[in-house]
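Please open the structure in your viewer and keep the selection tool at hand. The tour below goes from one selection to the next and says what is to be found at each stop.

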Amino acid sequence: MDFQDTPELADFRQQVRTWLDANATRRTDNGHIGMEGEQANHEAKDWYKKKAEAGFACLTWPKEYGGAGLTSLHEVVWTQEVENFKTRDAQFIIGIGNCGPAILHFANEEAKRELLPRMASAEDVWCQLFSEPNAGSDVAGLRTRAELDGDNWKINGQKIWTSGAQYSDYGVVLTRTDPTISKYRGLTLFMIDMRQSGVEVRPIKQMDGGQHFNEVFFHDAIVPDSFRLGEIGGGWNGALTILMSERLAISGIQPTGFPQFLDLVTTLELNGKPIAEDPIVRDRLAAWYSQWAGLQSTNKRMLTAVAKGGIAGAEASLGKLVGAVMNQEIANFVCQILGPAGVIQDDTISPAHAHFQQTVLFSPGVRLAGGTDEVMRNIIAEQVLGLPQEPRADKGMAFQDIPTSSG
Amino acid sequence: MNFEFSEEQLFIRDQARNFLSQECKLSVVRSVLDSDTSFDRKLWQKVVGLSWTAMAIPESYGGLGLGYLELCVIAEELGRSLAPIPFSSSVYLATEALKSWGNEEQKQNYLPKLAAGELIGTLALSEGLGAPTVAAQVHDGALSGTKLPVPDGDVANFAVVSALGDTGAVGLYLVDLEGTGVERETLSSMDPSRSQARVIFDGAPAQLLGGGVSSADELAQLLDRAAVLLAFEQIGGCQSAMDMGIAYTRERYAFGRPVASFQAIKHKFADMYVALELARSNAYYGACALSSDAPDLPLAAATARVSATDAYYMISKENIQAHGGMGFTWEFDCHLHYRRAQLLSGLIGTQIQWKEHLATRLLKAA
């Protein structure tokens, strides 16, 4: 057992460090870098362009598609190093982390050569369009229709919870092409040009007041057949590829709230005493640290398996599940120790620029996005532990005959 | 980076697993639980025959001279099989204390016999309810006081005992438990498959270990090493208890379907898996720090300990729950893990103490 880089990775790490030192600013705290707004997107696009020009974009993609042709271990080194800098390196993770692999797997050669390099340099921004008002955890129950019309497909229906749709040039959309057969077999995946009149994007105001997600409506939106990803009726397999990539993509950057909590415990005094001396705070600190450290080491075990030629599997669900719950619990606990003023969400009063109050209100969304806690538990139970599936009431039925909540 | 045991270490683990699945079936654990015997002497002799007691002792003292990583993989298998033998007391505690602090003569006298299984040792710290404090005293080489509980204290040949010396400072002393001035009795405990004793010293001859172990920090180092090894026993137990529950709920039907197909049960097992994976990862990190004697061993050991203790308690109790009423019977094996989880969480200090260690060490490092 050791934590040494191989000579090749050590060399790469040094290159990355040198380049980052010359091109980015080091972080001084664990504070969040805001993810919203036009300004953030402009900054992020500049950053992506810069790193694409330097050959550090999409490290695992082949060079001909705008990548660097390196391994996922190089990607890990990059992620570890870039974390120490103030950048917007994760801004377009959904496009690059989710849509990218689907296009690499399923798109035709011409589309790959044209679209992937522009995605890598963030010249084009991509979103993923899966969830619908009546298809959340049961995403295969979606109803957005795609019908063939000559060489084109006509798309009609509604998506929801689409991150970044308002900024996106393209999307990957999962549609129903045949409602007369079982729900999993009647799905087809497409790339879609979001800048067309048949696509309407409306922001969703979240419970925390932010507007990160959107509803997207399709009214006879047009997709050429050359933008189809995989076979007609093969959409579900493609979607699984994407969802697995998503969990991997976020497993490294999943917020846990722990670094911010540790910062607070080491700095905050209340009633003239460091909170670090409070036995209840110390008890929670020990409990959350042991979980957080466990996540870091679980990641190292996963990387070791990947380095030995294995693939990271459903184990990535573990990080999503543990991190999302911890994030909410830590935020709530901090607001409780602050006393009656814990409820105040004001930069000039609340510690850490009101990070914990913001997190109390935003964290319920993290437990739902990208697969709910309950879906993560099902994945672990079925795919890792091999437990039998819950019997389904819609098994063997044509999609059009399945009862739904809205009739 | 290579965060996994080597091929050779994994081979040792597989050999240990095969051996224990033959020689330490749960019937062996039960025969100790159900009887007045304190441990399974036959199994102990076989384990000695495989040189597991000699594993981490230098060759110059009759050992195999292997490292702690080899001992970690053995510990995991001993935990998995609930082996009813005084391995942790003799190997992780007594042997390690002698290796750390014994003078040359003491090492020559004790280590080859510990390696060969001719001696069983233990560590005696506690003196009753609450966190260990030291009231036992040594005057002119004679020890007086009562230690309780002493793990395997009824079967060990000698103990390393904490006591106040002539100067009033705490030190560790080697005491022959079969010699004069020692009375001992087996105590009832929640896990009779591993024994606990009261040991009363009344002028027992006591020899200072090495040049004297003065600071609490030094003693903490010994307990840190043991914490990592015990964490491996705990995760071995976790895996075995979880596997037991999965096998049972897959086979058992209710409402016309396997119990394991209900989300209430699947989510329970998913939570067990999460607890176990976090504990396993922390134990691996602890093993890494232990084998390289890294500066962050104190924090890594406390983390491994806290995580493994949480996981074993959680998994052993939820395994009973997943079994339903049968899980509450003496006949079913669920209680063996539940009992062992309690026993292991008590050795070398309980969860409350280790969480406090963890917080102190983390804040010191931060």
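**A tour in selections**

Begin in chain A of this predicted model by selecting helix α1 (residues 7-23) and helix α3 (residues 72-82), whose axes come within 10 Å and cross at roughly 35°. The crossing of α1(A) and α3(A) is right-handed. To see the residues that meet here, show the side chains of L9(A), F12(A), R13(A), V16(A), R17(A) and L20(A) on α1(A), and then those of L73(A), H74(A), V77(A), W78(A), E81(A) and V82(A) on α3(A). If you colour this contact by residue class, 8 residues are nonpolar, 1 is polar and 3 are charged.

Next, show both chains together and turn to where they touch, with 38 residues of chain B in contact with 39 residues of chain A. On the chain B side, select β9 (257-258), α8 (263-291), α9 (297-323) and α11 (351-365), which are the elements that give two or more residues to this contact. Of these, α8(B) gives the most, with 17 residues. The side of chain B that touches chain A holds 23 nonpolar, 9 polar and 6 charged residues.

Select L148(B) and P149(B), which are joined by a cis peptide bond with omega about -5°; P149(B) lies in strand β3 (residues 142-151) of chain B.

Then go to L82(B), in the loop between α4 (68-81) and α5 (87-101) of chain B, where phi is near 55°, a positive value in a residue other than glycine. Is L82(B) buried or exposed? L82(B) counts as buried because 28 other C-beta atoms lie within 10 Å, and the cut-off for buried is 20 or more.

Finish at F255(B), in the loop between β8 (253-254) and β9 of chain B, where phi is again positive, near 55°. With 9 other C-beta atoms within 10 Å, F255(B) is exposed.

Key:
Residues are numbered from 1 along each chain as its sequence is written. Chains are lettered from A and ligands numbered from 1 in the order in which they are written. This is a predicted model: local features need pLDDT of at least 70, side-chain atom pairs count only at pLDDT 80 or more; totals for chains, interfaces and linings use all residues. Axes are lines fitted to C-alpha atoms, for helices over the stretch in contact, and angles run from 0 to 180 degrees between N-to-C directions. Helices (H or I, at least four residues) and strands (E, at least two) are DSSP runs, numbered from the N terminus. A crossing is left-handed if the near helix is turned anticlockwise from the far one by less than a right angle, and right-handed if clockwise. Two residues are in contact if their C-beta atoms, placed from the backbone, lie within 7 Å. Ala, Val, Leu, Ile, Met, Phe, Trp, Tyr, Cys and Pro count as nonpolar, Asp, Glu, Lys and Arg as charged, and the others, Gly among them, as polar. A residue is buried if 20 or more other C-beta atoms lie within 10 Å of its own, exposed if 12 or fewer, and partly exposed in between; C-beta atoms are placed from the backbone.
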